[in-house]
Amino acid sequence: MKSPTRKGATKFINMPSSFNFACMYNRYIRRCFTGAGLWSQALALDDKTTMHFWGPRNKTAQKPSLVLIHGFGPVATWQWRRQVKSLAPHFNLYVPDLVFFGGSTTISSERSEVFQAKSVGKLLDKLEVETLHVVGTSYGGLVAYNLAKMLGEGRVKKVVIASSGVNMTASSNLEMLRSSKLNSIDDLMFPSSSHHLRQLMSLSIYKPPHVPDFVLSIFIHELYGENKERKLEILNGISVGREETSNEVLIVWGEEDRVFPVRLAHELKEVIGKNVKLELIKEAAHVPQIEKPVEFNRIIINFLRGTP
């Protein structure tokens, strides 16, 4: 990685990985997952695709299964760290890395969200998960939506779509690009400079923290550098337009989301059909599960357990 010119930054970046903020935080996140009773595993789904995931160390028949599907950006553990401790007492949790994120990979040429859903479905078959709920955030919402349609309501009981442009159109991308003031969606979704990452943060977080450039550069290297070309293919392979679903659906959205403005949440509610509920979280943007984890977790638990 090219070292930033800011005074003192080069020396920091060249320290051993144990002093690297991102590596230290990654170890902390892994402890959060193991502390919630999950363990890291990888399974070959077929002769082309391998999926890494976190699953329950002690699965119990008394708890329903819940799949958490991440969006673009950091791996699953970074996006769901604030959920696993609260959700694990109520559910058998499965947290996969989608293909080309984390330890999941394929030699297949398929890149669509349908392929991602098929891969998660194959994982659940291998694990003999018969019925489940699913929560997807951002791009993961598209995958969750397709997974529910693929497996059917007899197997997928409830679906939560969080901050996800399931109903986005080509104009949605143009609106996002205008808000970011960047030249391309690629620069926004796969930042290669601290400026790009700051723009992404400004759209994704209601009150973005001030982070020094050299720290942002470390995070870009650690979180966005791997499999970039393959992830761009995934981004370009996203289809638009959705049909109604018969599943019971909860839509959760940050009121201040500038990636997918809240009007898309109201439009999505109409697109999905009758059996849908919308919850808006104040003072949160595109990542309410990170910005307002207590409220987000409460909403999810109450919906999935049928609590008013």
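Predicted model: local features only at pLDDT ≥ 70, side-chain atom pairs only at ≥ 80, totals over all residues.

Biologist: Why are α3 and α13 called oblique to each other?

Modeller: Helix α3, residues 76–87, and helix α13, residues 293–305, pack at an angle of about 50°, with their axes 10 Å apart. Angles under 35 degrees count as roughly parallel, and 65 to 115 as roughly perpendicular, so α3 and α13 are oblique. The crossing of α3 past α13 is right-handed.

Biologist: What makes up the contact of α3 with α13?

Modeller: Trp 80, Arg 82, Gln 83, Ser 86 and Leu 87 of α3 meet Pro 293, Phe 296, Asn 297, Ile 300 and Ile 301 of α13. By class, the residues of this contact are six nonpolar, three polar and one charged.

Biologist: Why are α8 and α9 described as roughly perpendicular?

Modeller: Helix α8, residues 194–204, packs against α9 at an angle of about 85°, with the axes 9 Å apart. Because angles of 65 to 115 degrees count as roughly perpendicular, that description applies to α8 and α9. On the α8 side the contact includes Leu 197 and Met 201, and on the α9 side it includes Leu 216 and Tyr 224.

Biologist: How do you know that the span of α2 agrees with its number of residues?

Modeller: At 1.5 Å a residue, the 15 residues of α2, 21–35, should span 21 Å, and the end C-alpha atoms are 21 Å apart, so the two agree. Among the buried residues of α2 are Ile 29 and Phe 33, and what covers the buried residues of this helix includes α3 and α9.

Terms used. Residues numbered from 1 in each chain as written. Heavy atoms only, no water. Axes fitted to C-alpha atoms, helices over the stretch in contact; angles between N-to-C directions. Helix = DSSP H or I, 4+ residues; strand = E, 2+ residues; numbered from the N terminus. Parallel < 35°, antiparallel > 145°, perpendicular 65-115°, else oblique. Left-handed = near helix turned anticlockwise from the far one by under 90°. Contact = heavy atoms within 4.5 Å. Nonpolar A, V, L, I, M, F, W, Y, C, P; charged D, E, K, R; others polar. Expected span 1.5 Å × (residues − 1). Buried < 20%, exposed > 50% of the residue type's maximum accessible area, 1.4 Å probe, protein only.
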